[in-house]
Amino acid sequence: MNRSDKNLLLLAENLVFYGRKKGADQVEVSIGEGNEFSVEIREGEVERLVEAGSNGLSLKVILDRKVATASSSDLSKETLNHLVDRAIERVKVSSPDPFAGLPEKERIPIHVKKLKIFDPEIVKLPPEKKIAIAKKTESICLSDERIKKTYGSSFGTYVGTTYLANSNGFSGSYSQTSCSCGVYLQAGEGNNLFDEGKFDFSRNLDSLMTPETIAEEAIHRVTRLIGARKMKTQNVPVIMEPLMTASLLGFLYTCIDGHSVYLKQTFLADKLGEKISNSMVTVIDDGLMPGVPGAKPFDGEGVPPRKTTVIDKGVLKNYLMDTYEARKLEMKSTGNASGPNNLYLAAGKSSPDDIIKSVDKGLLLTGTIGQGLVPTTGDISRGAFGMWIENGEVTYPVAEITISGNLGQILKEIEMVGNDLEFKRSINGPTIKIKEMTVGGI
Amino acid sequence: MVAESNNLWSNLLLKGKIPSPHFSFFNDRFGVTPEDMRKILEIALTKGGEFSELFFEYRIINSVSMEEDIIKESSQRIILGAGIRVLKGEQTGYGYTNDLTIDKMRHAALTAGAIASIGSKHTAVDLREKKISHQVYDLNRPLHGLKLDSKIDLIKEAYAGAKDYDSRVSKVQAYLVDDIQVVTIANSEGLLVSDVRPQVRLIAIATAEDRENRNTGAYTGGGRIGLSYFQTERTPKHIGRKAAEEAITLLSAVDAVAGEQPVVLGSGQSGVMIHEAVGHPLEADGNRKKTSIMWDKLGKQVANTIVNIYDDATIPHKRGSLNIDDEGSFPEKTILIEKGKLVGYLQDRLSAKLMNAAPNGHGRRQSYQYSPVPRMANTILAQGDYDPEEIVQSVNKGFYAVSYHGGQVQDSGKFTFSVKRGYLIENGKLTTPVKNATLIGTNLQILNDVSMIGNDMGFFLGTCGKEGQSIPVTAGTPTLKIRKMTVGGRR
C-alpha cells in the first residue's frame with residue numbers, strides 16, 4: 001500500500017551523505033511528493049479543474065552548532081549540491097546556538113498501516129466521479145429556493161508521500177491520502193446578504209460526508225442567518241459550535257507552541273503545573289490516533305508524535321514543541337515539528353441541546369470574521385455572527401457584532417463541554433459554553 | 001528529475017546576479033525554446049480550448065533571522081515550475097509541473113486542455129516577444145546580490161533599534177527576506193513576455209514587559225526596492241524602534257469601549273481598510289458571478305462624493321508594484337471610485353472577456369501552482385485637504401485606529417478589522433492607548449460615512465489572501481474620519 005518511490009528516499013540519503021562529506025556536522029533532508037486534483041463547480045458547470053503532480057525538497061545543515069536551511073522544487077543534482085554548498089558557507093556567519101541539532105535517534109517502531117492515513121480508494125477514484133460528487137452537492141443546494149446564489153462546490157483529493165533522512169541515521173517515508181468536499185452559498189435580499197457554507201475533509205473516502213449531508217448543513221448554516229439583526233453591546237454567556245471551539249483551540253495552540261513560549265510571546269509562558277482552567281477541560285494532542293486528519297508516523301524532524309496531555313483537568317501539563325524548542329525549555333520534543341498533530345478538547349457529557357437549554361439570554365456563536373488574537377496577552381477580539389438564545393431556545397440570527405474576551409479567562413469560564421466531538425481537522429473540539437464574553441454591537 | 005542542463009547558466013541567479021527579463025533564461029537553463037512553448041500551447045488546445053497560456057517561474061527567496069541576540073538561521077528557497085492554463089468559456093483547466101522536461105509539460109498541457117472535451121482542432125500559435133517599457137522596480141543594488149554579511153548588518157541594526165529603545169523591551173526578533181522572481185509568460189494569442197521582480201521585507205517584532213503586562217509590537221519596511229531604501233526611506237533602526245514603540249505603548253493600553261462612535265483611521269496602516277472594504281468587493285470575479293454586493297452598482301453613487309479610489313501597480317518600488325501582471329498584461333492606473341461613483345472593476349483576462357471589458361493588469365497568482373484571479377496591487381484612497389490634527393480635533397468622543405492585526409471582508413460587504421493599537425479621542429485629542437478593538441460594518445456604510453480626508457498619504461505593506469493564494473500588496477490612505485462605526489471591545 002505504500003507507494004513510496006525508493007529513488008526519492010535514495011536522493012534524500014545521498015544528499016545527507018554529500019553534506020557530511022562537504023563538512024557539515026549534521027544534515028537533514030526531506031522530500032515531499034504529491035498529486036493534487038481539485039474541481040470547482042458553479043451553477044452546474046465545471047468552472048475550474050486542476051490536476052498536477054509535483055515535488056519539493058528541504059534541507060538543514062548544522063556545523064559548529066550553527067544552522068542554515070534551504071528548499072527547492074528544482075531537484076537537479078547541480079542545484080541541490082549548490083544549495084548544500086551554499087548552506088555550509090552561510091552557516092559560518094550564523095551565531096553558534098548551543099540548542100541547535102538534530103533530534104536524538106529514537107527507536108520507536110512506526111506502524112504506518114495502523115494509522116489508516118492512506119486509502120487506495122482515493123487513488124482509484126476517477127475524475128468523472130469526483131466531478132459528479134461536487135455537482136450533486138451544489139445541485140441539492142440550488143434546489144432550495146432560499147438559496148439565491150452559489151459560490152460553487154468543490155471536490156479535491158491529495159495523494160502524497162513524505163521522505164525524510166538525516167545524518168543521525170533516520171530514514172523513513174510514509175504515504176497519505178485525503179479527500180474533501182464543500183459548498184459555499186449566499187442567501188438574503190438586496191444589500192442584506194449572508195455568506196456561509198460547509199466543508200468536509202477526510203483521509204478515507206468512506207468517512208467523507210455525503211453530498212446530501214454537506215448540502216443540508218450548508219443550507220442550514222446560511223439560511224439561519226437570513227434577517228439577522230444588529231444588537232446592543234452586552235455581556236452574556238456564549239456557546240461555541242464545534243467549529244468555533246476548534247478555532248479557539250487553534251489560538252490556544254499558538255499560546256502553547258514552544259517557539260512562543262521561549263520567546264515569552266504567550267501569556268501561558270511559565271505557567272506549567274498551574275491550574276489555568278476549569279477541571280472539566282482536558283486538551284490532548286494525539287498524532288497516533290488512527291484515521292484522523294492529523295495522524296502521522298513522524299513529524300518534520302523524524303520524531304514520532306505521541307499522546308501529549310496539554311491541559312489535564314484544568315492543569316497546564318505540557319507545551320507542544322519540536323526538538324529545538326524543547327532543548328531551549330529543558331524538556332523533550334513532543335513530536336510537533338509540523339505544528340499541532342491532532343489537538344483536541346476532550347468531549348464532555350452534555351448534549352448540544354442541553355447546553356443551549358441552560359442559557360437564559362446569550363449568543364450561539366456560529367462564525368467569526370477577521371484576526372484579533374494576541375498570544376502575548378490572550379486577548380481575543382473578532383467580528384462575529386450567530387444566533388441569539390432566549391429562555392433556552394435559539395430565536396433569531398444576529399450579525400455585525402463583535403466578541404471580545406481573554407483566553408486565560410475563557411479557559412476558567414468554560415462551564416459546559418459537549419459530547420459532540422468529531423475529528424475533522426488537525427484541531428477539533430465539541431460545543432462549549434463560556435460563562436461570559438462581551439458581545440459588542442451598536 | 002530535470003534533464004541535463006547547461007552549466008554556464010549555473011549559477012548566474014544562484015550567484016546573486018540579476019538576469020535581464022528574457023525568455024532565454026528558461027532556454028539557457030532548461031532548454032525550453034520558444035518553439036517548445038509554441039508546441040505546448042498548441043497541444044493544450046487540441047481538445048477544443050479557446051485560449052492556452054504557459055507561466056514559467058524561477059524564484060529564489062533568501063532569509064535571515066535573528067532572535068535571542070543571535071543570528072539564528074539563514075535560509076534559501078528555490079521555487080521552479082511551469083503552470084499551464086486552458087480557458088473555454090467560463091471554464092479553466094490547470095496543470096503544473098516542477099519538472100520542465102517537454103514530456104512533463106506536454107502531460108500538464110493535455111491535463112489542462114481536457115477541460116474542453118468536444119471536438120478537436122488545430123490552432124496555430126505564433127509567438128512575438130514583447131518588451132517591458134516601464135521599469136517599476138528598483139534593481140540598483142538589489143538585496144538579492146548583497147553579501148550575507150551586509151544583510152546581517154541590516155538585521156542587527158533593526159534588532160538593536162528595538163532592543164535599545166527602552167529597558168522594558170525584553171525580547172526582539174528580526175527577519176530579512178529578499179526575493180527575486182523570474183517569470184516568462186507565453187500564450188496562444190502570441191504573447192511572449194518576461195519579468196524579473198525583486199521583493200524585500202524587513203520585519204522587527206518586539207516584546208515589552210513591565211510588572212503587570214507583556215505585549216508585542218511589530219513594524220516592517222520593504223517593497224520592490226534596492227538597498228538605498230534602507231538608507232533613505234526607512235532605516236532598519238527606525239523599523240526596530242517603531243516595533244518597540246508599539247510594544248511599549250501597548251503596556252499601558254486599555255480595552256476599547258464597545259459601541260457605535262466616530263472613528264478616525266490613521267494614515268498608512270489603515271490602508272488595510274481600503275483594501276478589504278473597497279478593493280475586494282471590486283475584484284471582477286465576484287461581480288461577474290454577481291456574488292459581490294457591488295455587481296449591480298457600476299455607474300452608481302456608492303460613496304460620499306469626496307471619495308476617490310484607484311489601484312495602480314505602476315507606482316514605482318511599492319510592494320504591490322508590477323511591470324506586468326501574472327498573465328502578461330501591462331497594468332494601468334485603474335480608477336475604481338470617482339467622486340463617490342463606482343466606475344471600474346479590477347479585471348483579469350477571464351473576467352474581462354466575459355464582462356466585455358478590457359483587462360487592466362490585475363490577474364495575479366501566488367506561484368506557478370495556481371491559476372490567476374483578479375487581485376489588487378497598490379490600492380489607494382486619494383488624499384484630501386485636511387490637516388490630520390484638524391480631523392482629530394473635530395471629534396469630541398471617539399476612537400482612533402493606528403495599526404491592525406488584519407482585516408477580512410465577505411462578498412456581502414460585511415467586514416472586520418482587528419485593531420492592534422488605537423487611542424481614545426477625548427475632546428479633540430488623542431488620550432489613552434487602546435488595544436484589541438474590532439471595527440465592523442459594511443462597505444457601503446463606511447464609504448458613505450467617510451466625512452473628512454487628510455493630506456497625509458501613507459502606505460501599508462500587506463500580504464493578501466484569496467482562494468488560498470497569498471500575494472504582496474500595498475494599500476494607501478491618508479487620515480480618514482468615519483462619521484460612525486461599530487467598535488467592539490471589552491468595556
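View 1. Strands are DSSP runs of E of at least two residues and helices are runs of H or I of at least four, numbered from the N terminus. Within β2(B), B:I78 is the bridge partner of A:S72.

**View 2. The side of chain B that touches chain A**. Here 71 residues of chain B are in contact with 61 residues of chain A (C-beta atoms, placed from the backbone, within 7 Å). Strand β2 of chain B (residues 70–88) gives the largest share of this side, twelve residues. By class, the side holds 20 nonpolar, 36 polar and 15 charged residues; nonpolar covers Ala, Val, Leu, Ile, Met, Phe, Trp, Tyr, Cys and Pro, charged covers Asp, Glu, Lys and Arg, and the others, Gly among them, are polar.

**View 3. Chain B and its secondary structure**. Chain B has eleven helices and 22 strands. Of its 491 residues, 59% are buried (20 or more other C-beta atoms within 10 Å of the residue's own, with C-beta atoms placed from the backbone). Among contacts in chain B with a separation of 6 or more, 76% link residues 24 or more positions apart.

**Notes.** Residues are numbered from 1 along each chain as its sequence is written, and chains are lettered from A in the order in which they are written. In this predicted model, local features need pLDDT of at least 70 and side-chain atom pairs count only at pLDDT 80 or more, while totals for chains, interfaces and linings use all residues.

Key
A residue is buried if 20 or more other C-beta atoms lie within 10 Å of its own, exposed if 12 or fewer, and partly exposed in between; C-beta atoms are placed from the backbone. Two residues are in contact if their C-beta atoms, placed from the backbone, lie within 7 Å. Two strands pair if DSSP finds at least two bridges between them.
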